[in-house]
Every structure is written in structure tokens, then in C-alpha cells.
Amino acid sequence: MVAFYNFFLPGLGYIVLQKRVVFGWLLLIGDIFHLVWSFSAPEQTVPPWAAVDWFNAAGGLLIMSAFAYDAYQLAKEQN
């Protein structure tokens with residue numbers, strides 16, 4: 001069942017299992033940011049004065065942070 005959760009909402013399976021909860025929350029929030037951005041109209045995502053779409057960038061940053069945090073925790077467990 002948790003594999004089903006993680007397939008459709010990455011991170012939710014970790015939260016349900018209560019394993020790697022911070023990792024799960026970072027993935028879930030980052031994925032929600034990406035989903036919101038992907039369903040918004042292109043003309044509304046990037047104003048003419050902005051160089052990047054900050055909402056989408058925040059989602060990507062959260063997902064990358066989740067993987068960095070998880071790698072750090074795994075390395076700490078092995079040492």
C-alpha cells in the first residue's frame with residue numbers, strides 16, 4: 001500500500017510508515033509545488049520581469065534537499 005502512496009504522491013509512503021519522515025515531507029511538499037506549477041497556465045507562471053518561476057524552483061529545491069538530507073542521514077547511520 002505504501003508503494004502505491006509513493007507512486008502517486010512521492011513521500012507519502014514514508015510519512016505513513018513513520019520512516020524517514022522529514023525526507024517524506026520534503027518530497028511531498030516539493031512534489032505539490034511542482035503539481036501546482038504544472039497545472040497553472042503558462043502565461044501566469046512567469047511574469048515578464050522575473051527571470052525564473054520561483055514557485056517551481058522552490059519545489060525542485062525541496063526535492064533536491066530531501067535527497068541530500070536522506071543521504072546525510074544514511075551516511076551518519078553508517079559511521
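The side chain of D70 makes a polar contact with the side chain of R20 at 3.2 Å (a pair of N or O atoms within 3.5 Å; within protein, one must be able to donate a hydrogen and the other to accept it, and residues adjacent in sequence count only if both atoms are side-chain atoms). The model is predicted, so local features need pLDDT of at least 70 and side-chain atom pairs count only at pLDDT 80 or more, while totals for chains, interfaces and linings use all residues. Numbering runs from 1 along each chain as its sequence is written, and side-chain values use heavy atoms, with hydrogens and water left out.

The D70 and R20 side chains also meet in a salt bridge, 3.2 Å from N to O (a side-chain nitrogen of Lys or Arg within 4 Å of a carboxyl oxygen of Asp or Glu). The pair ties together distant parts of the chain, 50 residues apart: D70 sits in helix α5, R20 in the loop between α2 (12-17) and α3 (21-39). Helices here are DSSP runs of H or I, at least four residues, numbered from the N terminus. By this rule, the salt bridge count comes to one.

As for cover, D70 is buried at 10% relative accessibility, whereas R20 is partly exposed at 39% (buried is under 20% relative accessible area, exposed over 50%, partly exposed in between, with a 1.4 Å probe and protein chains only). Leaving aside residues up to four places away in sequence, D70 touches R20 and F23, contact being heavy atoms within 4.5 Å.

Over in helix α1 (residues 2-8) lies F4, partly exposed at 47% relative accessibility.

Key:
Helices (H or I, at least four residues) and strands (E, at least two) are DSSP runs, numbered from the N terminus.
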